[in-house]
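Here are some notes for reading this model alongside its sequence. They are numbered so that each point can be checked in turn.

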Amino acid sequence: MTTLRILTIWEDDVEILRRPAQRVRTFDNRLHQLLENMVETMRDGKGVGLAAPQVGLDQRIFVIEYPEDPERPEETMQRYEMINPEIVKAKGAEIGQEGCLSLPGLAADVDRATYVLIKAQDRYGKSQRIKAYDWLARIFQHEIDHLAGVLMTDRAEQVYKVVELEDGEVELVPVGEAIQQG
Ligand code: NI
């Protein structure tokens with residue numbers, strides 16, 4: 001497996017992160033290899049999801065790894081490989097905090113549906129339907145947005161700069177907050 005380079009908005013030409021990705025039509029070994037490499041890259045970056053445009057590929061593909069039971073991540077880790085995904089149904093709304101491997105150093109509060117039904121193809125082209133709730137539903141929506149050229153900051157209620165403190169803790173500093181009059 002190969003770790004791919006993740007494009008970031010700070011270092012790269014963001015055009016590919018900003019345009020709608022193309023439908024996948026060929027379900028061959030090259031696709032399977034790409035999926036393996038994307039999973040490897042996501043793990044390496046300590047992310048929970050990765051979309052193809054983030055590694056410079058203009059294709060409607062993303063991968064997610066998320067435990068069914070967050071209390072027992074090792075035993076219940078689930079891998080999702082989604083090709084040509086679409087949201088079929090969405091319900092509920094909740095604001096939660098997100099990060100993105102293509103926007104390192106930032107976090108964002110984003111309003112997302114709390115339930116989504118996703119239709120997609122698997123690595124063999126077979127159709128699959130996945131129901132996701134809460135945090136997993138949020139990850140699905142974040143990744144599907146990547147395939148439309150939409151980044152979390154576009155939808156954010158609030159963007160934060162993630163500042164690492166000397167003791168290893170992190171502090172979130174709101175970006176674009178009105179300057180306090182003193
Ligand atoms: Ni992202």
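1. A residue counts as exposed when its relative accessible area is over 50%, as buried when that area is under 20%, and as partly exposed in between. Lys 46 has a relative accessible area of 75%, so Lys 46 is exposed. Keep in mind throughout that the model is predicted.

2. Lys 46 sits in the loop between α2 (29-44) and β1 (49-51). Its phi is near 55°, which is a positive value in a residue other than glycine. Asn 84 also has a positive phi without being glycine, near 50°. Asn 84, however, belongs to strand β3 (residues 77-91), and with 4% relative accessibility it is buried.

3. Which residues coordinate the nickel ion? They are Cys 100 through SG, His 142 through NE2 and His 146 through NE2, at 2.1 to 2.2 Å. Along the chain these donors have the spacing C-x41-H-x3-H. Cys 100 is in the loop between β4 (94-98) and β5 (106-112), whereas His 142 is in helix α4 (residues 134-147), so this pair ties together parts that are 42 residues apart in sequence.

4. Are Cys 100 and His 142 buried or exposed? Cys 100 has a relative accessible area of 10% and is therefore buried. His 142 is buried as well, at 6% relative accessibility.

5. The structure contains 3 aromatic pairs. In one of them, the ring centres of Phe 62 and Phe 140 are 5.7 Å apart and the planes meet at 70°, so the pair is edge-to-face; the cut-off for that label is over 60 degrees. Phe 62 comes from strand β2 (residues 61-67) and Phe 140 from helix α4, and the two are 78 residues apart, so the pair links distant parts of the chain. Phe 62 is buried at 0% relative accessibility, and Phe 140 is buried with a relative accessible area of 0%. Phe 62, Phe 140 and Tyr 80 make up one aromatic cluster.

6. Tyr 115 and Tyr 133 form a tilted aromatic pair, with 5.1 Å from centre to centre and 40° between the planes. Tyr 115 lies in strand β6 (residues 115-121) and Tyr 133 in strand β7 (residues 127-133), so parts 18 residues apart in sequence are tied together. Tyr 115 is buried, at 13% relative accessibility, while Tyr 133 is partly exposed, at 49%.

7. Next, the pockets. Rolling a probe the size of a water molecule over the atoms shows where empty space is left. The largest pocket has a volume of about 320 Å³. Its lining consists of 18 residues, and those nearest its centre are Gly 47, Val 48, Gly 99, Cys 100 and Leu 101.

8. Which element gives the most to the lining of the largest pocket? The answer is α4, with 6 residues; β4 and α4 each supply at least two. By class, this lining has 6 nonpolar, 8 polar and 4 charged residues.

9. The second largest pocket holds about 210 Å³ of space. Among the residues that line this pocket are Arg 23, Arg 25, Asp 28 and Arg 30, together with Leu 31, Leu 34 and Leu 57. Its lining divides into 4 nonpolar, 2 polar and 4 charged residues.

Terms used:
Residues are numbered from 1 along each chain as its sequence is written. This is a predicted model: local features need pLDDT of at least 70, side-chain atom pairs count only at pLDDT 80 or more; totals for chains, interfaces and linings use all residues. Side-chain values use heavy atoms; hydrogens and water are left out. Donors are N, O and S atoms within 2.8 Å of the metal (3.2 Å for Na, K and Ca); water is not among the atoms, so sites may look incomplete. Helices (H or I, at least four residues) and strands (E, at least two) are DSSP runs, numbered from the N terminus. Buried means under 20% relative accessible area, exposed over 50%, partly exposed in between (1.4 Å probe, protein chains only). Rings of Phe, Tyr and Trp (its six-membered ring) pair if their centres lie within 6.5 Å; planes under 30 degrees apart count as stacked, over 60 as edge-to-face and the rest as tilted. On a 1 Å grid over the protein atoms alone, a cavity is a set of points where a 1.4 Å probe fits but cannot get out, and a pocket is an open set with protein on both sides within 12 Å along at least five of seven lines; lining residues have an atom within 4 Å of a point. Grid points are joined across faces, edges and corners, and a volume is the space filled by probe spheres set on the points. Ala, Val, Leu, Ile, Met, Phe, Trp, Tyr, Cys and Pro count as nonpolar, Asp, Glu, Lys and Arg as charged, and the others, Gly among them, as polar.
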